[in-house]
Amino acid sequence: MPRQPALERLGRFTVRRRRWVLLAAVLLTVVAAVLGAGALSALSLSRIDAPGSASDRAAEVLDQQFHTGTPNLVFLLTSKQGTVDDPAARAEGIRFTELLAAQPGVAEAGSYWSRGDSPALRGNDSRQALVLARVPGEVNEARARVGELAARFSGESAGFRIEAGGQDVVFREIGAQARTDFLRAEIIVIPLVLVLLMLLYRRITLAFLTLGIGVFAIVGTLSLLRGVAVFTDVSTFAANIALVMGLALGVDYCLFVIARFREELGRGAEVGDAVVTAVRTAGRTVLFSGITVAASLLALLLFPLSFLRSFGYAGAFVVFTALIGALVILPAALATLGHRAARRGPARAGTFWFRLSSAVMRRPVLTGGAALLLVLLIAAPVLGLRFGLPDARILPAEASGRITAEQVRQNFGQEESDALYLVAPVADPGAFADYARRVSEVPGVAQVDSAAGSFRNGQSIPGGDPERFTRGGGTYLTAIPAQSTLEGDVPAWVADVRAVPAPATVLVGGSPAEMTDWRASMTERIPLVLAVILLLTFAVLFLLTGSVLLPLKATVLNLLSIGLMFGVLVWVFQDGNLAGALGFTATGTLESSMPMLMFCVVYGLSMDYEVFIVSRIREEFLRTGDSAAAVPLGLQRSAPLATAAAAVLAASFAVYTTGGVVYLKMIGLGMAVAVLADATLIRGVLLPSLMRLAGRANWWAPPALRRVHRRFGVEEAPGAPPVPQRVPVG
């Protein structure tokens, strides 16, 4: 007797050992929940840096040789009476600076008064001044200390109103808001999904079972992320992705396995045989779907940026735990429930999708062309896509870090906390006076401070603290940007500063350079990441279908879904449409890492639906041998499930549009639109029209690839169901 397929053996095992499987699942879920409960506190938003870049080396030299670096804590002092130059204000400002510098964890502190009345640190109305501090250390520890200092020193003093801000205050508040959004989303999403599942199944037990698989995927992923966080930085946002995708994939996979189980029961199969058939057929589809989703998200590990790599870890763990839930735990539960999981009433045949796809295939050029035109129209704003760098406006308007940043933006002509550091580890400081003067002439540079003094527009100006720029046989200077520079093309400005000839080797660092190098590091890897995603998903679909054309068609359709999503993102978040309704401030650009993340997630989910639908179409083709008839028959069986899964996923994502962080609003709206359009317009109209035009060529492959598929692919004999082998469940 030929060896049974692995999935069939798995199905029989879960049926025979169902009680042990369910007991192990309960224990594993409890352990994962306990471990995952501490995940949110272990995750963080890592600092923006590009390991090995010029800015990264500059930061290292600044820290080790000059004992300085980019300030990550800023205090804005507003005089209650008079100006910051009044004697009483000056004395209090100096005392505040010295007190801050003496605090544990503070490596250095400087202010308008301690740095020779530097114009860069005084507000335009002379009533505000800045105090800058640097709190070094591991990111979570440093931000915790920054939070303590911000809380301690903010408030009212004798002469000032004191407000905290700066890079780490903003990132700390983003992380806190993301955790709040996560908890609120849990409160909303889980009951919402439960209600949708009850309406879909008409069985409360199946609704709770499916939700339980989703919760298993969530807590399993969080516990695994907590383990990874011991060794490397993992973004707080990875928890948000784990919540939505854990539910999404758990629901997706359960829907298809349960639907096939019910279908087999409706044909009169015994409970055990129905479970085994569901695992062998729908389970195969679920497994291939999981591989395609995981391949798309694991590609994020190719980026040298911990922020994006976090989502690669989360994606792999979500797929792994959802597959365990759908292929091991769910079959054991179905074997236990038996006919209590059967449909109530007659099976819904999906006649809408049958009629729609049949109508589309009668006029494939007209219907497909109209759908394509609509998709391209919605995607059109992507032609105006502009990438920018993040700032405090990604926070809610009431966040203290944003309030401080906006006051600085409005009342200060320049931004010293975002200065460029031009570092020469080995140099004669006297030879850098002319260099400092020439750097100050670069458009967008408001002020240059150096060992030779301060410069503006090529002219020496009073103020500054020259002594702090020389140490250990080297020197550095700071190029302070104008506020308008930070709202323009920052990478171009950094390139202009770097292009100024220097008398010695100079490394350019500081937050604008770090963000520029971070984006460049990501951008240079994008072709590799895209190639890996496309090749891996093509290979998986080829092994599933044995076709060359179907994976190519799937790629085109996925890219259309992504183009549609990007068009919505540009129209809403870049151009500011719906800003009032969604509660955010448009900056005129999009931060570049979010679209890359969303590309990988949406591409994987689009392939998820593609695998579900095409695998059922292929099954009908193998059964009937009729390529044209297989499409509406396959859609009749699979499209209702894909649409239901997309509705649940879209509702889950849409909850994040109510969050406080713009990034999460982008993810929520963009992905909700993408998955709904993909499961309806793309798969319901464009897919059948293209398959009708291709005819039997849909299943073509050259002889060499056919041999590859016969050896390594998954092949089933057309119209030959396996010989029934009753599996006892009593």
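Contact here means heavy atoms within 4.5 Å. Axes are lines fitted to C-alpha atoms, for helices over the stretch in contact, and angles run from 0 to 180 degrees between N-to-C directions. Helices (H or I, at least four residues) and strands (E, at least two) are DSSP runs, numbered from the N terminus. The model is predicted, so local features need pLDDT of at least 70 and side-chain atom pairs count only at pLDDT 80 or more, while totals for chains, interfaces and linings use all residues. Residues are numbered from 1 along each chain as its sequence is written, and side-chain values use heavy atoms, with hydrogens and water left out.

Helix 6 (residues 139-153) lies across strand 1, strand 4 and strand 5, and runs at about 10° to strand 1. Helix 14 (residues 400-411) also packs on the sheet, where it touches strand 1, strand 3 and strand 5; its direction makes about 110° with that of strand 5. The sheet is open, with its five strands in the order 2-3-1-5-4 and antiparallel pairing. Strand 2 and strand 4 (155-156) stand at the edges with a single partner strand each, so one side of each has no neighbour in the sheet. Two strands count as paired if DSSP finds at least two bridges between them. Strand 4 and strand 5 (residues 160-165) run antiparallel and are joined by two bridges, and Glu156 has Arg161 of strand 5 as its bridge partner.

Strand 8 (residues 445-450) and strand 9 (residues 453-456) are antiparallel and pair over three bridges, with two residues linking them in a hairpin. Here Ser450 has Gly453 of strand 9 as its bridge partner. Strand 9 is also joined by three bridges to strand 10 (residues 459-461), again running antiparallel, and Ser454 is bridged to Ile461 of strand 10. Two residues lie between strand 9 and strand 10 in their hairpin, and Asn457 in the turn has a positive phi of about 55°.

Most residues other than glycine have a negative phi. His67, in the loop between helix 4 (54-64) and strand 1 (73-79), has a phi near 55°. Asp117, in the loop between strand 2 (108-111) and strand 3 (128-134), likewise has a phi near 55°. Is each of them buried (under 20% relative accessible area), exposed (over 50%) or partly exposed (in between; 1.4 Å probe, protein chains only)? His67 is partly exposed at 45%, and Asp117 is partly exposed at 28%.

Helix packing comes next. The axes of helix 13 (residues 364-379) and helix 19 (residues 549-574) come within 7 Å and cross at roughly 40°. Helix 13 is therefore oblique to helix 19; angles under 35 degrees count as roughly parallel, over 145 as roughly antiparallel, 65 to 115 as roughly perpendicular and the rest as oblique. Residues making the contact include Leu372 and Val375 of helix 13 and Leu560 and Gly563 of helix 19.

Finally, a nonpolar core is a set of buried Ala, Val, Leu, Ile, Met, Phe, Trp, Tyr and Cys residues joined through side-chain atoms within 4.5 Å. In the largest one, of 175 residues, Leu334 and Phe573 touch the most other members. Helix 9 (residues 237-266) gives the largest share of this core, 21 residues.
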